[in-house]
Amino acid sequence: MSENQNLNNENFQDGNDEECETFEEQLYFECPICNDITPHELIKKVETKKLLRYTVKCQDCGNVHNIEKRCKLQHLKVVVSRYNQSEQFTVDIPDDEKLSVEDTIEVKGENVEITSVELEGSRRVESAMAKDIKMIWAKSLDVPKKVNISVSAGGITRSFSVLVSHNQAFEEDQIYRAGELFFRIKRIKAEKGYFTREVARKIVRIYSEPVSPMRDFIDLTDYVI
Ligand SMILES: [Zn+2]
């Protein structure tokens with residue numbers, strides 16, 4: 001038994017104050033039965049965001065026990081928006097976890113997509129480690145996405161919105177129906193520019209023109225709000 005292995009083992013046992021490091025292949029642990037540091041066999045490894053748990057077996061006495069290491073957590077403020085309303089939460093995220101815009105995280109059971117990462121001094125960045133983040137801005141993915149649609153002809157524009165799944169795709173030149181109105185998509189404005197095809201969660205507004213009723217169309221009537 002070397003001093004080094006002994007020391008590592010102690011760090012691991014009361015690792016609450018330690019950074020959440022990747023566990024090294026260390027097969028000497030303290031066995032509660034032998035009451036000694038003994039060689040162990042790794043049986044099972046469970047790794048979650050908050051916890052590393054190893055199920056190990058003492059090679060001297062055969063005792064199977066668990067060894068846990070918790071990560072240092074950062075209490076992060078998250079502002080979750082759903083349509084025009086927002087709500088603030090606090091979530092625990094490991095210090096060394098990198099969070100980026102467009103990442104999906106779970107906040108109190110709700111799936112949200114990160115829209116902005118704010119550091120101290122109100123500086124906004126594309127991504128940062130949890131320990132450097134002051135606040136996260138996000139939008140809920142668990143409520144339907146509100147998509148704004150404009151239908152224009154001869155200087156007259158009708159605008160309405162539909163509530164659809166975040167993954168609902170819209171496509172240029174495709175014919176859609178909303179009640180009595182049939183229309184063809186001309187342009188799709190997304191957060192990052194114009195696209196010929198885009199999913200609802202990224203769409204800012206859809207521009208279209210009215211057409212005569214057709215046989216092939218996608219019916220949005222039930223989703224109009
Ligand atoms: Zn033992």
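Analyst: Lysine 108 lies in the loop between strand 8 (104-107) and strand 9 (110-119), where strands are DSSP runs of E with at least two residues, numbered from the N terminus. The model is a predicted one, in which local features need pLDDT of at least 70, side-chain atom pairs count only at pLDDT 80 or more, and totals for chains, interfaces and linings use all residues. Residues are numbered from 1 along each chain as its sequence is written.

User: Is lysine 108 buried or exposed?

Analyst: A residue is buried if 20 or more other C-beta atoms, placed from the backbone, lie within 10 Å of its own, exposed if 12 or fewer, and partly exposed in between. Because lysine 108 has 11 C-beta neighbours inside 10 Å, this residue counts as exposed.

User: What is the phi of serine 122?

Analyst: Serine 122 is found in the loop between strand 9 and strand 10 (124-125), and with 8 C-beta neighbours inside 10 Å it counts as exposed. Although serine 122 is not a glycine, its phi is positive, at about 60 degrees.

User: Which residues have the most contacts inside the largest nonpolar core?

Analyst: A nonpolar core is a set of buried Ala, Val, Leu, Ile, Met, Phe, Trp, Tyr and Cys residues joined through C-beta atoms within 7 Å. The largest one has 14 residues, and among the elements that give two or more residues to this core are strand 13 (145-153) and strand 20 (203-210). The residues with the most contacts inside this core are Val147 and Ile206.

Technical notes:
Helices (H or I, at least four residues) and strands (E, at least two) are DSSP runs, numbered from the N terminus.
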